[in-house]
Amino acid sequence: MFKLLDKLENFTFSRRAFLGSSAAVTAGALLPSAKSGLRRLSAAEAAEEKEQNGEWIPAACWHNCGGRCLLKAYVEDGVVKRQKTDDTVEDTADNPQQRSCVRGQSQRQQVYGVDRLKYPMKRKHWQPGGGDKSLRGHDEWERISWDEALDTIAGEIERIKNDYGNRSIMVTGGDVGRALNLAGGHTTTWGTTSWGSWRWGPEYFGLQEGYFEHSINDRMDLRNSQLIVLWGMNPAWSSPGSPSYHFLQAKKEGARVLVIDPMYSETAELMGDEWIPVHPGTDHALMLGMAHTLVDEDDPETNPLIDWEFLQSCTVGFDEETMPEDADKKENFKAYLTGEHDGEAKDAEWASKISGVDADKIREIAREIGTTNRVALLTGWAPARIKNSDSWPQMFMTFGAMTGNMAEPGKMTGVSCHFGTGNGGPRLVYAGASGVPAGAENPVEDSLAHAEMWDAILQGKYTAGEDDVRDIDIKMIYHGNNAALQTRDGQTKGIDAHREMEFVVTNGHFITTNAKYSDIVLPATTHWERFGGFNVGNRDALFYYRNVIEPMYEARDDAWITTEIGKRLGFTAEEVYGDLSKEQELFNQIAGAEVMKEDGSEFEPLVTITEEDIKEWGVDGEPQEGRMTIAELEEKGVYTVKRSPGDNLGYIAQEEFRKDPDNNPLDTESGKLEIHSKALADYVRSNGFTTIDPIPTYNPATEGYEETYKDFDAGKKGDYPLQVVNPHYLRRAHTIFDNNPWLREAWPNDVYVSREDADKRGVADGDPVLITSKHGKTLRTAHVTERLMPGVVGLMHGAWVEKDAADEVDRAGSDNILTGAIPTGQGISGWNSTVCDFEKWDGGPLKEDKYWEPRVVL
């Protein structure tokens, strides 16, 4: 010890070196001093020292969780040393800070990850035509130059389109299509992705899909609700930022909260007054039992449970009196509900057998909703990510209409997730357009449904519509900024399809699943390394980000990559992307940003722009007056619209329609909410997969609860007696962050199993288990819990597949290894309709993935 002190007496280093070597300077820290050697800092001095040698820069949080919250990066000598979140305003219930979650706060680990893709790479055994295709996913990588990579890609595009035609090139996302469209086009993909059956169906029967438009009221009005029903949604995990805080404000105002979900979630723990577990994919049946209770017990005089006035003035199809003129009156919803139409009443007992909810509880829930004046009926997209669930959103609307919980203060029915969780309505502030031209149209009309695309590639045919099956011969796949191989249904077939390709390319930050099964991977910049831009989050806030650091290694942005490919295909940069500078693109977005006036009448410019600003930026523009200067925007990185109860900025969904439906019709065929919707049934049929009735009849899910039985009526279980659900949890935003070391340590990637199911299989908490479905196998460590209803397995969404080369069993817990590529209805991606079983694995303990070696290729 004394020898060490002797050595320290003669050791000196600068304040800058001290600060740079420390993750944080705190009160009580000892700082080198010229006079005394070391000086203890006060809290105020520590705060000053932290910010003395660098700059806090607004940084993008670009991941797809719906939060898009405020991040700031502290940059010193071109390196991000720390992060923080919103401290630009005082935090209040009416105007909360736009705080980031643990994922955003760990983003520095992503940008500086040791496994960042640093250089263009080529699969060692790839040759034109594919080489040894079987090695995709297990091959070695070789570093190549950008010129070689881009020349090879352009050469293969030319070769493949000349040999097989442009239809043989499939692009799953990103903007490389700009270049390919100029060169003759390419096959695209389509699907319902996160929305499930909420994606396109609602426009036909009168609600909104919950992302671009909302059927629910805003966060201030949520406080007027007396009862909040959270159906299949867990914002505490899946919607970071402020949504859970908004719900808590409503609870403080006295709202009772019911949570209907297969899992006792963190949301249920945080704010739920009651948890009602339900078998996945049987929500529709449960709600039918509730609706039957209302019809059976309603008496307008002594026990009013149904809002008959609303049904008669604002809907079509509930009963004979409200049926469309050109429809069979007997095909009304009430007749189906009571059994007049098909001989089977959809009562609480019928619903209980399917949903797993006790019949008395079904009646109790229905009565509580029917007798409560102001109810918020809110659902997430998860219950709609079910194969064959096309009628579920219509059923949800129907129950809301029956109880009149729409279009009035405290009353709402619809989707509450992503951007709009607990806060529906059009944006109060938004960025302007960049001015970049849309680009050439794609001459190729072929587009493969997400739920069919891997089968289409393997079988050489796809469904283009009703009675329209076409041949297709895909030879090349280009993955832009997405995780298609990881997130699309039927991952096992997806991997097989990639091994059939002659050429696969991926732009990415890491060796993701897309990249793992590619032939060339291109290192893309993160948003921190780009010029700047805007992110949108909830309706009240707009986020601005600047360039934080210079591009690392040889990473390039996607626009540059697309432009360079386009050049090699014979087109100019202007033809591919236009001729605007990055400065002009960003300036256009700033100048075009608008915010709603306080009186709610119209929008006005957000940012003040002077002649000096225009000259400093070196762009074309006009001066204008706004609410903040460019300098303030670049410093704060956020503008939040100030809200207060009773202000002019509130939102009541479809309010004018309810007040006067004849003069404010909806965009449906009838102008009303369609409980009988021929348009919806026609649209679903037009896709060519499966069909539905015009009224919301119950259709058992493909690979749903009923398929866990050999004989459902006799109660005999089958080979796959359990159902899989894929919760979105705090470790990942979909698949992003799965490789983040901080989050891997904080959130183990276990599989959740109920104690009852574990005991039946001799599995204890912490045991390794093999989970098997009809489509694949994966290994995970069992987390045995009482928080999951028996019969359900919770496999968290988004783990990057790690297939063993010897047995092709996934070691990572990839949820889509278990799903099947089975298109239904609107082309629904039905991840939450999968049947499985699990057993104790005898191959020894599994190494936790926080100890896994990162995917470093060079």
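## Helix α18

Let's start with helix α18, which covers residues 392–403: these 12 residues reach 17 Å from the first C-alpha to the last, close to the 16 Å expected at 1.5 Å a residue. That expected span is 1.5 Å times one less than the number of residues in the helix. Helices here are DSSP runs of H or I with at least four residues, strands are E runs of at least two, and both are numbered from the N terminus.

As for cover, 12 of the 12 residues in α18 are buried, where buried means under 20% relative accessible area, exposed means over 50%, and partly exposed lies in between (1.4 Å probe, protein chains only). Among the buried residues of α18 are W392, P393, M395, F396, F399 and M402. After the helix comes G404, with a positive phi near 70 degrees.

## What sort of model this is

This is a predicted model, in which local features need pLDDT of at least 70 and side-chain atom pairs count only at pLDDT 80 or more, while totals for chains, interfaces and linings use all residues. Residues are numbered from 1 along each chain as its sequence is written, and side-chain values use heavy atoms, with hydrogens and water left out.

## Salt bridges at a glance

Side chains of opposite charge can pair when their charged atoms come close. The rule used for a salt bridge is a side-chain nitrogen of Lys or Arg within 4 Å of a carboxyl oxygen of Asp or Glu. By that rule, the count is 67 salt bridges.

First up, E76 and K81: their side chains form a salt bridge with an N to O distance of 4.0 Å. Both E76 and K81 are buried.

Next, R499 and E808 pair up, with their closest N and O atoms 3.4 Å apart. R499 is buried at 15% relative accessible area, whereas E808 is partly exposed at 28%.

Then there's K678 with D682, a salt bridge at 2.7 Å, N to O. K678 and D682 sit 4 residues apart in helix α29 (residues 678–686), so about one helical turn separates them. K678 is partly exposed at 48% relative accessibility, and D682 is partly exposed too, at 22%.

Elsewhere, salt bridges with shared partners tie D218, R219, R539, D540, R643 and D647 into one network.
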